[in-house]
Amino acid sequence: MSQLRTLLLVGTALALAACQGAVDVASPGEGVIIPPTPTPTPTPTPTPTPTPTPTPTPGPDADCPTGTVNAGLVAGLRNCQISGTITGNLLLPFRAGTYYSLSGQVNVGTDVGGDGTKPGGATATLNIEPGVVIFGSSGADFIVVQRGSRINAVGTASRPIVFTSRQNIEGTAGGNSIGLWGGMVLLGRAPINRCISAGVPGGSAQCEAQVEGFTGGFFGGALPNDSSGSLKFVQIRYPGFEVAPGNELNGITLGGVGAGTVFENVQVYNSSDDGYEWFGGRVNGKYLVIQGTDDDGIDTDQGYKGVNQFVLVFSRTAGGDRGIEADTSGNDNFVPRSNPLFANLTIVQQNANATAAVILQRGGTDFRIYNTIVTTAVASKACVQMANPFTISGPDAALDKVGPPVYRSTFFACAGGPSQAGTGITTAQINAVLDGTNTTPPTVTNNVLNGVSTMNNGGGTAAGNWFPGATELAVPVTAVAGINPYLVNTTYIGAFSGSSDTWYTGWTCGLGGTTPSCETAPKPKAN
């Protein structure tokens, strides 16, 4: 009996355990399923975006390179000054905390004369690295490369070399500021036609002249391929200075400069006199910008025979005289005669001086213009004035004469008409030069004398108003590569093929787009 009770108690306990289990484990359709609480996935800690390290504003360099003098600070950077006469080789290295300055007339070398034998003459070379900024404080500060010496100022498209004024460095120069420092003078030994010594033949080693603007600068010789060095990707802002009435420094003065000189990608901005003035010589140029001059953009005289292509002359509304002033000394009688050639030139004149034509040609000068746009919306301003009749109407080998000025594939769009009369020459006679009817048989010029410009509204003050429109691009183009090997053929007239042809981007100022304002203080520019 006791064993039976034990078995009954065990069975009862097992039955109760089974019934209790049914409370915890539900059958399908019965009870509530309580899922296990999941282990939470930790939220990843976000990686913080690093704060970019700001580019530090360079402080002044502690000292100055050899050959320069520590003149303290200017606009927060070291001012390393150059003065007197440079001898041997001088390098102005790029340094992020340094400006270089000119003190008075700075000569590169001492004049060696037209034949290289002048007593006391000595050659020198000034080398300037990309990104360097050099300034002058007044019209008395300028740089002169003497005969036989060289300047190698070779910047890059993204790191131009800038010559400017102290006011520009300090941020006080304005859009109409001009003549804040002297400018640049290059003097070479290439042929010229006006000699200071009587009886000396033009173009000889003994034929020399004295440059305007200061005393002691002589140029000329018998070396057409003479080299004064290289200027490439260079800005020259606010230059020019009137020493005396009619005696001025230009943006760049080129006296007897030879064809061995590299002169490309150069800008002159707001010169108080001419942008570029060539006195004889043979130097060629490409990609030149002359902007805002108070006199002429381009001036040629004394037997200059170089060729230039892709040139923009763009005047201010508040100043400027001619786009081009061309002379040959002695009214036909001096040799070698001036006979420059410009191809793919765009001239936009805006100064409301109704008496001055955009182009003035004096002295019966020879002059050749190809694939060019000449425009002004100023009332009564004409495109071309020939100040004198051509006393020699055709070629004359004895006088190095090639005939009246040559215009080919040129689009004239001037509110005052294509021509303005001169002394003893009528508009009809000038038009006969422009349209080719002055020759027998008449010459096909491809010129348009009374064009209506579609060049971004025909000019104006807005940047970009030098790009050709439909009427300009419709003008047939003249091939120029066969005239001179320095020139290249194009499919368009003017300095630009269209709005995407911005060859000035990166190395100029004040031309819109991504170019900085010329009033913005330039800083030494690193890579």
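**Group meeting: a walk through the model**

Let's start with S177, which is buried, at a relative accessible area of 19%. Buried means under 20% relative accessible area, exposed means over 50%, and partly exposed is in between, with a 1.4 Å probe and protein chains only.

Before going on, the ground rules. This is a predicted model, where local features need pLDDT of at least 70, side-chain atom pairs count only at pLDDT 80 or more, and totals for chains, interfaces and linings use all residues. Residues are numbered from 1 along each chain as its sequence is written, and side-chain values use heavy atoms, with hydrogens and water left out.

Back to S177. It sits in the loop between α2 (166-170) and β10. Helices (H or I, at least four residues) and strands (E, at least two) are DSSP runs, numbered from the N terminus. The S177 side chain reaches the backbone nitrogen of G174 at 2.8 Å. That is a polar contact: a pair of N or O atoms within 3.5 Å; within protein, one must be able to donate a hydrogen and the other to accept it, and residues adjacent in sequence count only if both atoms are side-chain atoms. Setting aside neighbours within four places in sequence, S177 also contacts Y238 and N270. Contact means heavy atoms within 4.5 Å.

Next, β10 itself. The strand covers residues 183-187, and five of its five residues are buried. Which residues sit on each face? G183, V185 and L187 are on one side, M184 and L186 on the other. Both faces are covered.

β10 has partners. Two strands pair if DSSP finds at least two bridges between them. Strand β7 (residues 142-145) pairs with β10 in the parallel sense, over four bridges. There, V145 stands opposite L186. Strand β16 (residues 252-255) also pairs with β10 in the parallel sense, over four bridges. In that pairing, M184 has I252 as its bridge partner.

I252 turns up again, among the contacts of Y276. Others on that list include L254, F263, V289 and I298, leaving aside neighbours within four places in sequence. Y276 belongs to the largest nonpolar core, which has 64 residues. A nonpolar core is a set of buried Ala, Val, Leu, Ile, Met, Phe, Trp, Tyr and Cys residues joined through side-chain atoms within 4.5 Å. I128, I151, F163, L231, F263 and Y276 touch the most other members. Strand β4 (residues 98-108) gives the most to this core, with four residues. Another core lies apart from it, with 21 residues, among them A413, M455, F467 and I493.

Now a charged residue. E264 lies in strand β17 (residues 262-269). Buried or exposed? E264 is buried, with a relative accessible area of 17%. Its side chain makes a polar contact of 2.9 Å with that of K232. Not counting residues up to four places away in sequence, E264 touches L231, K232, F233, K286, Y287 and Y486.

After α3 comes G436, with a positive phi near 85°.

Last, confidence. pLDDT is the predictor's confidence in each residue, from 0 to 100. The chain averages 87, and 85% of the residues score at least 70. Over residues 1-36 the pLDDT is below 50, and this stretch has one contact beyond near neighbours in sequence. Residues 457-461 are also below 50, with 10 such contacts in the model.
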